[in-house]
Amino acid sequence: MTRLQKLILSRLALGIATLFVVSALMFVGIELLPGDLAQQILGQSATPETLAAFRAELGLDQAPHTRYLDWLSGVVQGDLGQSLASGREVTDLLSTRLANTMFLAGYAAVIAVPIAVTLGLLAALWRNSLFDRSANVGALSAISMPEFFVAYLLILVFSIKLGWFPTLARIDTATSLGQALHVTFLPALTLIMVVIAHMMRMTRAAIINVLAAPYIEMARLKGVPRWRVVLRHALPNALAPIINVIALNLAYLIVGVVVVEVVFSYPGLGQLLVDAVASRDFPVVQAVGLFFAGTYILLNVAADILSILSNPRLRHAR
Amino acid sequence: MGNLLTIRDLRLEAGSRSAPTVILEGLDLDLDRGEVLGLVGESGAGKSSAGLAAMGFVRDGVRIAGGRIDFDGTDLARAPQRTLRRLHGRRIAYVAQSAAASFNPAHRLIDQFAEGPILHGTADAATAQADARALYRQMQLPDPDEIGFRYPHEVSGGQLQRAMTAMAMACRPDLIIFDEPTTALDVTTQIEVLGAMRDITERFGTAAIYITHDLAVVSQMADRITVMRHGREVETAPTRRMLDAPQQDYTRSLWAVRSIRKPEATGPAEPVLTLDGVSAHYRDFKALDDISFGLCRGRTTAVVGESGSGKSTLAKVIAGLMPPGAGRVAWDGTPLAGHHDRRTKDQLRQVQMIYQMADTALNPRHTVRETLDRPVAFFTGLSGKARRARVRELMELIELDPDAFLDRRIPELSGGQKQRIGIARALAAEPRFIICDEITSALDQIVAEGILKLLIRLQRDLGLTYMFITHDLATVEAIADEVVVMKEGRIVESGPRAQIFDAPRQAYTRRLLASVPQMDAGWLDRARRDAARARSAETAA
Amino acid sequence: MTLLRTAPPTALFGLLVLAATLVLGLFAPLIAPYGETEIVGGEYLPWSAEHPLGTDNLGRDMLSRMIYGARNTVGLALLTTGIAFSIGAALGMFAALRGGWIDQALSRAVDVIMAVPPLILALMLLAIVGPSIPNMVGVIAVIYLAPVYRLSRAAAMNVVALDFIGAAQLRGEGTIWLLRREILPNISSTLVAEAGLRFCFVFLFIAALSFLGIGIQPPTADWGSMVKENATLITFGDVTPLIPAGAIALLTVSINFIVDWMLHRASGLKS
């Protein structure tokens, strides 16, 4: 096995291991909960019989490690247990909402990523120009705004004053793609603005960092035009950091939807998670939390692997 | 007037326009076609800036504030970027100090070679690649047909430097700027690179500006030499005349540096620190392999070797920064623990260390007083007035004025002053033995000379024992009583200075000695012949 | 003073906003016209001379709650940042200096914290421990301790590799001396800039949690939950709920401007 394959495999293994650790910790955390879960959920008035029945139903009467393994094998088979609040299968609750969240995040990503990388490149290319400085101030401001501020501002302008888009982003299975794109435009735009700001700054920093390298001066002294210096000499070496920036922001998008979903009452996972946390519906919190954590870890692992592949020192290791 | 390049009254500035820092002032240079001009000076003399300015190029934050750079009829100081771009790489090429950093790690050598000719329209891709192979062969690179298809990290430093020279040649420029191209290389590698560079510029009749701080190197490469200092020209003359009869005091002082000789050691040679079968590993790499020798009281033992020879690891093992895998280090007959944590305070006090990079060896957040006060307090237990007096005394020992320097912060000192403070910090412990790890290699020659003289005086006055680690044989010759030659973690040869320098027994020692640049005219040719012969002897042995 | 004169307008603006917020927060009871939870009239009263920003969903004075909010939201963010910072920085420097298994154990624990998105981790942890102010401060401090640890460890690693640390170790200096006198002064500027940025994150984070109803709990006045409580007004074209949201944005922008200026200065000084 080559060094490269070993590196990639070890990154994958590390990602999976992290996911297990996170799931186990989550489980232990709930385990350490002060007081009795059944009691907390059913309230003080519950009779000992109902409590016992409830515990048996949830499997709370078994040893913790058995329950963890049960739960884990359930997860692997696609069985995430039942919601404490509604009694419905968590898998059913998740499926459509998962699709909705991915739709919204994907919508924003498709628009934000190319714009952000291009803006970052241009800002680096025209460093300290008026464009660069105003982009910097704009990005700093956008990063500083809470998502709900941006969201409500957009609602105020585009739905209340102008009436172009609805205030709420309600979609269901009957909504057509065109309608969905229209209805979810404002939540997507909120995400796009925040993500572009972050990504642009990071891309610019990555490129500028590379532009300070001696081989860039060498390229210029070979008579290479400026655009070609950036595209051919700087960009390939800035790929690893840029890939990381993109992964980080995609991960952020999927997570960042939580607040935006709440503002626009969008039926996604974030909304579900917030409700479940408020009602302390642990199976749902666990399942959604694990999904978000898994996506985040997966994206980071993917970014790691892509960075390794983009590094000629590792790709052509002797 | 040079018929290729004429620089007149050039002035470069950096910083704000109202209070600029002057980098070059009133510089005049002339260069004829096919001529090689050596630019010599210490760090900060402005020689690199002058070299780049000859291309009409200045680094970020620097600007051309006046003067003309006339290259074959074009004034580069005023030429638009388009014009400069057409000249760069095509008619004026550049060879940088660190080839490893100046090749783009993302592209293969041959693609970087071909980029210039294709961009400038002097060749198509196939022709450029064929030419690259031919030039690689002329630069005596191993495997010239294939080496271009490697990435920079797959090629050694000396080979990269040659590949970069080949790349500079790609469009057959009229002028090449060599900016300290061999400074980062080991001496034995340097010879091959210098030889290949000189051959190729001669073959194509290319003019060159060769920038270096090393007089011996420039004397082999240049037809004429310009000495620079503080951004100004000191004097210019044809190479032989410059070497034989320098006119200016500054130039003469540069020439004189190589003349220190420590007086021969007298008295009995009694070992104070002994190493016995010491080995050390970094993971599975054997950095030291069965090292045994003794360091004699009141004498200087120079440990000399090229990079990777294990000489710095040896310093770490003795100091207790790296426990040896096998063998023992003994002080006055008592074994020293491998790790400094387990040595007694008195053992720690006896063995002190001075570092190569004075910049990183002193905490930049401390003042000179803080730097010296702590070890004095720590090791001598002095307090109050006695301690303050001791700190002042240390400053006097290292020949720096206590009143002027004690309250300065470390970053406000020059390189040589920092190194002196490093020495004072070692002396604060009142040690008997000091490890000097490449302490002069980051310094300019004149400054280094001052440090060496100081060390010799301190040894005489305080009866110190030194272990002097260096790759520079000229320094060894200046200060050593005993010499240990190392290669790949082993001792090749050891003995008194005179024996090693006058009658070396091992082929490697002979090759190392032959590689030390000399100022006489025929040195490079002689050294290349000797090196080739020594290498075949080594292979045979 | 000379420092201020060289500051760009953005940084001056930032300093001004920061100072104003701190004054409002410190002297909230003296400045606010009404009490924090005092019901002073009808619900959702429009802006008037008596109630410059109207009243909220329970009939409390918006302006007074804004002023108390400065105290609560900013105060808690400062407290949380302070905790995360002192623990994270100390552990990071310690790990860098010691290396070995201590470094490994701490770093892997931090890896796990950072493997989960902060907001999700906070929601999960708060679901377990239950939403309350001390719990929230604790949970956020743990989450933000991780990046501070990483940064200070990385910065300290660069310093530990330098010879003056080796020289101090060879002298036999103890851990406390090495951390306080040799390492900390060399990474303090990095840490200070980072503290500013981290404060912004923590501040936005608390605001988001409170907005989601899982952070600062009613009836405490806080800028995040004030947006949530009065969000319906937006649908009537009333900008009042945007004021606390805008205040959050304004303060964060300001601190970012200040940090940006500091970083710029630091990089300028180096060259």
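The model described here is a predicted one, and the values reported below were computed from it.

The interface of chain A with chain C was examined next. The contact draws on 42 residues from chain A and 38 residues from chain C, and the area buried between the two chains is about 3400 Å², with carbon and sulfur atoms giving 83% of that area. On the side of chain A, the residues that lose the most area to chain C are A:Ser144, A:Phe148 and A:Tyr152, which together account for 19% of what that side buries. Between chain A and chain C the count of salt bridges is 0, whereas 4 residue pairs, both members at pLDDT 80 or more, are in polar contact. The elements of chain A that give two or more residues to the side touching chain C are α1 (3-31), α6 (130-144), α7 (147-161), α11 (226-263), α12 (269-278) and α13 (282-310); of these, α7(A) gives the most, with 8 residues. Divided by class, the side of chain A that touches chain C has 32 nonpolar, 7 polar and 3 charged residues.

Within chain B, the assignment separates domain 1 (3-251) from domain 2 (271-505), and the C-alpha centres of these two domains of chain B lie 37 Å apart. In the contact between them, 9 residues of domain 1 of chain B meet 5 residues of domain 2 of chain B, and the two domains bury about 640 Å² between them, 37% of it on carbon and sulfur atoms. On the side of domain 1 of chain B, B:Glu42, B:Asp186 and B:Val187 lose the most area to domain 2 of chain B, and together they make up 60% of what that side buries. Between domain 1 and domain 2 of chain B the count of salt bridges is 0, while 5 residue pairs, both at pLDDT 80 or more, are found in polar contact across this interface. By class, the side of domain 1 of chain B that touches domain 2 of chain B comprises 3 nonpolar, 3 polar and 3 charged residues.

How values were computed
Residues numbered from 1 in each chain as written. Chains lettered and ligands numbered in written order. Predicted model: local features only at pLDDT ≥ 70, side-chain atom pairs only at ≥ 80, totals over all residues. Heavy atoms only, no water. Domains from an automatic or database assignment. Contact = heavy atoms within 4.5 Å. Buried area = accessible area lost by both parts, 1.4 Å probe. Salt bridge = Lys/Arg side-chain N within 4 Å of Asp/Glu carboxyl O. Polar contact = N/O pair within 3.5 Å; in protein donor to acceptor, adjacent residues only side chain to side chain. Nonpolar A, V, L, I, M, F, W, Y, C, P; charged D, E, K, R; others polar. Helix = DSSP H or I, 4+ residues; strand = E, 2+ residues; numbered from the N terminus.
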